[in-house]
Amino acid sequence: MALPVSIRDVAARAKVSVGTVSNVLNRPEVVAPATRDRVLGAIVELGFVRNDAARQLRSGTPRAIGLVVLDVGNPFFTDVARGVEDTASDAGHAVILCNSDESAQREARHVELLAEQRVHGVLITPVDSDLAPVRRLRERGISVVLLDHPTVDPDLCAVAVDDRAGGETAVTHLLAEGYERIVMVNGPSRIHQARQRHQGAVDAVRKAGREEGVLEELKVPALNVVSGQRAGEQLLARPPRTRPDAVFCANDLLALGVLQVLVRAGVRVPQEIAIVGYDDIDFAAAAAVPLTSVRQPRQLIGRTGAELVIEETLRPAEHTHRHVLFAPELVVRESSRRVPRVRRRYR
C-alpha cells in the first residue's frame, strides 16, 4: 500500500519550502500568485490531502463537535442532528455523531472517545440524571451543552422542551374529549423525558379534579416501535371491558407501534381507543390514522445547542451559560379527535 502524500512531497515537487506550502494552505494571500499556482498544481498532481487532525492538535483549535443522542434510529434525534449539523457547518465545524442506545455504559465510552479526539465541544442527551460523564468533560476544558434535558446547574448550558407541560397538555386534551380510562405507555424511569411526561400526565388528572385511577402507567423497556407493539398486544390481551379508551405514549415511535397492533386487530381508532404520541415526527401525520402528537421544535433545539457550544468555545470570556426551555405544542389529528359515539364492540 502506497504511503500518503506528505506536505514535504508537495514542497519538493513545487520546488518551494515546506513553509511556503503551509502558507498556501492556511494563508494563501501572503504567497505570490505564480508560486501559489505552482504549489496548487503540485497538490492536485500528487493527490495531497491535508491532515486536519494533526493540524488541529498542533494549533489547539479542533474543528469538530460531538453529538451524543439516545437513539439514532429515532427521527426526533435525526432532526435534532440536522439542526446541529447545519449550524456547525456554517461555522466551519464537523459533527461526530454517537448513539448511546439508551445505555449509560455506551454513553460513557462515547464521551471518553470524544475527549480523546479533542473535540471543540459536546452536545449530549444524557441517558439518566447522573451527569458525571458530562462533568468529566468540563474538567478537561471541553464545552458541553445538554440537549432535550433541562438542568438547574449554573455551570452548564441546556436546551430542552418543557416535557412536564407537554405531558399535561396531552392528557388534558384526552380528558376534554371525554376519554375516561387512559393508559400512558412510558419508557424507563431513568430517562428524564419519560419521568417528566408522566408527571405532566398526573398533573392533568389532578387539575381536572379526576380520580387517580383515570390514568394508568404501562412501562416498556425502550422508546421504540417494537416496545409500542408489545404494549399494544398487552392492552388487547386484557378483557374487553377493562381496556382503556385512550392511550398516551411517551413518544411517537411507541404510539406508532401501538397503532399498528390496534389497526391490525380491527380496533377502530379513535372510536374504540384513541392514541396520542409525543415529538410529532414526520411519520405521525402520515400514519394509517393520522396521529395526534405533542410537537417539539426538533431542528431548533439542535441549532440552538450548536450555537451555544460554539459560542462558549470561541468566545469564553463573553459567554454566559443559558437554560433555554421551549414550549411544546399539541397537534390534534384523527387519532384522538372525538367522533359521534357508537356502541362499543367487545371481543
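In this predicted model, Lys-207 is exposed, because its relative accessible area is 55%, which lies over the 50% cut-off for that class. Its partner in a salt bridge is Glu-168, and the closest N and O atoms of the two are 3.1 Å apart. Since Glu-168 belongs to helix α8 (residues 163-176) and Lys-207 to helix α9 (residues 192-207), the pair ties together parts that are 39 residues apart in sequence.

| Salt bridge | N to O distance |
|---|---|
| Arg-295 and Asp-280 | 2.7 Å |
| Arg-322 and Glu-311 | 3.5 Å |

Arg-295 lies in strand β10 (residues 292-295), whereas Asp-280 lies in the loop between β9 (274-279) and α12 (282-285), so their bridge ties together parts that are 15 residues apart in sequence. Arg-295 counts as partly exposed at 32% relative accessibility, while Asp-280, at 6%, counts as buried. Turning to the last pair, Arg-322 is partly exposed, with a relative accessible area of 34%, and Glu-311 is buried, with 19%. Through shared partners, salt bridges also join Asp-280, Arg-295, Glu-329 and Arg-333 into one network.

Helix α2 (residues 18-26) and helix α3 (residues 33-46) pack at an angle of about 90 degrees, their axes being 10 Å apart, which makes α2 roughly perpendicular to α3. By class, this contact has six nonpolar, two polar and one charged residues.

Conventions
Residues are numbered from 1 along each chain as its sequence is written. This is a predicted model: local features need pLDDT of at least 70, side-chain atom pairs count only at pLDDT 80 or more; totals for chains, interfaces and linings use all residues. Side-chain values use heavy atoms; hydrogens and water are left out. Axes are lines fitted to C-alpha atoms, for helices over the stretch in contact, and angles run from 0 to 180 degrees between N-to-C directions. Helices (H or I, at least four residues) and strands (E, at least two) are DSSP runs, numbered from the N terminus. Angles under 35 degrees count as roughly parallel, over 145 as roughly antiparallel, 65 to 115 as roughly perpendicular and the rest as oblique. Ala, Val, Leu, Ile, Met, Phe, Trp, Tyr, Cys and Pro count as nonpolar, Asp, Glu, Lys and Arg as charged, and the others, Gly among them, as polar. A salt bridge is a side-chain nitrogen of Lys or Arg within 4 Å of a carboxyl oxygen of Asp or Glu. Buried means under 20% relative accessible area, exposed over 50%, partly exposed in between (1.4 Å probe, protein chains only).
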